[in-house]
Amino acid sequence: MNVIFLGTIGIYHPTVAAHLYLGRHINNDFSPLCYWGDFDAESNGEPMLIGLDSAGNRIYSLGAGIEVGMTRKSIEQLAAILGHSEKELVIQPISVKAEMTIIRLYRAARLKILQRTVNHVVSYLLTREVDTINLQVKELQDRVRFD
Amino acid sequence: MKIIYHCFGGSHSSVSAAALHLGLLDSQKVPTEEELMRIPYYDKTTDADFGEIRYMGTDENDNDIYVFGKKSFSNRYSTVLTGIAKIFGDQDDLIMVDCMKRVNWSMKIGGFTSRRLGLTSIGRPIVSWGTRKAFMHLVNLVEITRFKISDYPMKYL
C-alpha cells in the first residue's frame with residue numbers, strides 16, 4: 001500500500017507527518033528529517049518517498065499548493081483510472097493553522113538567499129503545531145487498518 | 001494507454017483537443033459553433049468539475065481519452081499525476097497533454113464570462129470564436145500527441 005501525506009507545501013508539515021507516522025523521534029529541530037525544506041524536491045512536484053513502515057507500506061509526502069482538496073480528488077480518480085483499488089492508495093490531508101503564512105513564506109523563498117531563513121521560520125511555526133499534526137497522523141492510523 | 005488533455009477549466013481547449021483525438025471533430029475543417037456545442041462537456045462545466053478527470057472516449061488504438069481542468073496550476077499538476085502513476089509503476093501508461101499553450105485571449109475571456117460569471121449568452125460566442133481561431137493549433141497538438149504515442153514508450157516524451 002502507498003500512503004500519501006498531502007498538504008500545501010510537501011516539504012514542511014506533510015513531511016513532518018510522514019516522519020511522525022514512521023515513528024521517528026522529532027525534536028524541535030526538523031532539519032535532519034529527510035526532504036525537510038528541500039526546495040528542489042518540492043519544485044519537482046512528485047511525491048517524496050519518506051520511508052517504509054513495518055508492514056512494508058510506502059510512505060510519501062506531497063505538496064499540492066492551495067488546492068489540496070482538488071488534488072486529492074484528481075489523485076484518487078487517477079488511481080481508479082489506472083486500475084488500482086482504494087486499498088492500494090491512502091491519502092491523508094495534513095493542515096496546520098499557519099498554513100497561509102507558510103505558503104507566503106514558501107513563495108518568498110523563490111529568492112534562493114531566503115531559503116534557509118524561511119526554513120528556520122517555518123520550523124519555528126511548526127514546532128508549535130506538532131500536536132495538531134500528530135492528531136492527524138493518529139486519525140489516519142485509526143482510519144486504516146493495516147494487515 | 002490513458003491520455004489526459006488538460007487546461008484551465010476542462011471545458012474548451014482540452015475538450016476540443018480530446019474531441020479531435022476521438023474524431024468527433026473533423027481536423028480538416030474548422031467547426032461551427034453548433035458543432036462545438038455538440039461536443040460533450042464543451043462550455044458546460046461548473047466549478048465542481050475542477051480537478052475531475054472526465055472520460056471522453058476510446059480512440060481506434062484502444063487509448064482511453066480523458067479531460068480535466070486544473071485551474072491555474074501549470075505543469076506542476078501534470079508532474080503530480082505523473083508521479084502518482086510512477087508510484088504504481090504505470091508511468092508508461094499515462095500521457096498528460098497541456099492545452100494551455102494553445103489557448104488564445106478570446107478563449108480565456110469568453111470562457112471566464114461564460115463559465116465563471118455565468119453570462120453564457122455573452123461568453124459562449126466569444127469562446128467558440130476563440131476556439132475556432134485556435135482550432136488549427138489544437139489540431140497540431142493532437143497530431144503531435146498521436147505521433148508521440150505511436151512509438152511510445154521507446155522514445156520518451
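Q: Which residues touch the most other members in the largest nonpolar core?
A: In this predicted model, the largest nonpolar core has 78 residues, and those that touch the most other members are A:A17, B:A17 and B:V97.

Q: And what does B:A17 touch, leaving out residues up to four places away in sequence?
A: With those set aside, B:A17 touches B:Y5, B:L138, B:L141 and B:V142, together with B:C99 and B:V97; B:V97 is itself one of the residues named for touching the most other core members.

Q: Switching to chain A, in what order do the strands of the open sheet come?
A: The four strands of chain A are arranged as β2-β3-β1-β4, with mixed pairing. Because β2 (48-52) and β4 (89-93) of chain A each have a single partner strand, they stand at the edges and one side of each is left without a neighbour in the sheet. On average, neighbouring strands of this sheet are turned by 25 degrees against each other, direction ignored.

Q: How many bridges join β1 to β3 there?
A: Six bridges join β1 (residues 2-7) of chain A to β3 (residues 58-63) of chain A, and these two strands run parallel; one of the pairs is A:V3 with its bridge partner A:I59 in β3(A).

Q: What does helix α1 of chain A touch on that sheet?
A: Helix α1 (residues 13-21) of chain A packs on the sheet and touches β1, β2 and β3 of chain A, while its direction makes about 165 degrees with that of β3(A).

Q: Back to chain B, where is B:P40 found?
A: B:P40 is in the loop between α2 (33-37) and β2 (54-58) of chain B, and its C-alpha atom is separated by 7.5 Å from that of B:M56, 16 residues apart along the chain.

Q: Why does B:P40 count as partly exposed?
A: B:P40 counts as partly exposed because it has 15 C-beta neighbours inside 10 Å, whereas a buried residue would need 20 or more and an exposed one 12 or fewer.

How values were computed:
Residues numbered from 1 in each chain as written. Chains lettered and ligands numbered in written order. Predicted model: local features only at pLDDT ≥ 70, side-chain atom pairs only at ≥ 80, totals over all residues. Pairing = 2+ DSSP bridges. Axes fitted to C-alpha atoms, helices over the stretch in contact; angles between N-to-C directions. Contact = placed C-beta atoms within 7 Å. Core = buried A, V, L, I, M, F, W, Y, C linked by C-beta atoms within 7 Å.
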